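Q: I should like to learn how to read the features of a protein model. Could we go through them in turn?

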Amino acid sequence: MNEPIAYGRPAGHETAAVEVHTPTPLTPAHTAPLMPVQPGTIPAVASVVLPDGRVVTGYAIEPAKPEPVVAKPAVSRTAVNIALGGVGFLAVCGGLLMLTAFITALTALVTQLVILAAVIFGGWIAVQVFSPSGHSHGTTVNIRKAVIKRNKFYG
């Protein structure tokens with residue numbers, strides 16, 4: 001059993017040439033016209049005769065067809081959502097800016113009205129205080145020094 005092995009074969013078993021056999025398909029006994037086959041039906045059975053006389057029968061296998069590539073939209077949905085969010089944010093910011101401008105203007109108006117009322121009321125009081133009292137028709141009250149001793153009023 002110590003025979004030299006050359007390329008996976010024992011010595012003395014080399015082949016001079018390689019024969020290639022191509023199977024030939026069987027022709028049917030009667031040739032019927034080709035009929036279109038609806039998808040989803042069982043495919044026709046194919047038979048092949050091998051060179052040694054054996055017949056192999058089976059279904060023809062069609063290569064798997066890849067799914068067609070779905071065309072992507074020109075702009076992704078995420079980009080559209082981000083853009084719409086930006087537009088909404090700008091609209092809100094513009095509205096908030098207008099709201100703050102309105103509140104600032106309203107505050108300035110109220111401040112000016114309060115100052116105007118203080119000036120008018122202060123002027124009226126000043127006229128009342130600094131007007132000559134000789135011509136007034138009000139009640140005159142003389143205030144003199146009063147003394148309170150031991151919880152008794154001496155006035």
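Q: How far apart do the end C-alpha atoms of residues 82-103 lie, and how much of the span is helix or strand?

A: This is a predicted model. A span is read from its secondary structure and from the distance between its ends. For residues 82-103, the end C-alpha atoms are 31 Å apart, and the span is 100% helix and 0% strand.

Q: Which residues does UniProt list for "transmembrane region"?

A: The UniProt record, an unreviewed entry, lists residues 82-103 and 109-127 under that term. Such annotations may be inferred rather than shown by experiment. In the model, residues 109-127 are likewise 100% helix and 0% strand, with their end C-alpha atoms 27 Å apart.

Q: How many helices and strands does the chain have, and in what pattern?

A: The chain contains 1 helix and 7 strands. Along the sequence the order is β-β-β-β-β-α-β-β.

Q: Where in the chain is confidence lowest, and where is it highest?

A: Where pLDDT is low, the predicted coordinates should not be read in detail. In this chain, confidence is lowest in strand S1 (residues 5-6), with a mean of 50, and highest in H1, with a mean of 90. The mean pLDDT of the chain is 76, and 61% of its residues reach 70 or more.

Q: How is an aromatic pair described, and how many does a search of the whole structure find?

A: A pair of aromatic rings is described by the distance of the centres and the angle of the planes. The search finds 1 aromatic pair. Phe 121 and Trp 124 form this pair, with 6.1 Å from centre to centre and 25° between the planes. The pair counts as stacked because its angle of 25° is under the cut-off of 30 degrees. Both residues belong to helix H1 (residues 77-130); they are 3 residues apart, about one turn of the helix.

Q: Which residues form a nonpolar patch on the surface?

A: Among the members of the patch are Val 92, Leu 96, Phe 102, Ile 103, Leu 113 and Ile 120. Together, the residues of the patch have about 1100 Å² of accessible area. Ile 103 is placed in helix H1.

Q: Why is Ile 103 described as partly exposed?

A: Ile 103 is partly exposed because its relative accessible area is 45%, which falls between the limits of 20% and 50%. For the chain as a whole, 0% of the 155 residues count as buried.

Q: How many salt bridges does the structure hold, and which residues form one?

A: The structure holds 1 salt bridge. Asp 52 is joined to Arg 54, and the closest N and O atoms are 2.8 Å apart. Both Asp 52 and Arg 54 are exposed.

Terms used: Residues numbered from 1 in each chain as written. Predicted model: local features only at pLDDT ≥ 70, side-chain atom pairs only at ≥ 80, totals over all residues. Heavy atoms only, no water. Helix = DSSP H or I, 4+ residues; strand = E, 2+ residues; numbered from the N terminus. Phe/Tyr/Trp six-rings, centres within 6.5 Å; stacked < 30°, edge-to-face > 60°. Patch = residues over 30% accessible without salt bridge, like charges linked within 9 Å, V, L, I, M, F, W, Y side chains within 5 Å. Areas by Shrake-Rupley, 256 points an atom, 1.4 Å probe, with all protein chains shown as cover. Salt bridge = Lys/Arg side-chain N within 4 Å of Asp/Glu carboxyl O. Buried < 20%, exposed > 50% of the residue type's maximum accessible area, 1.4 Å probe, protein only. pLDDT = per-residue confidence, 0-100.
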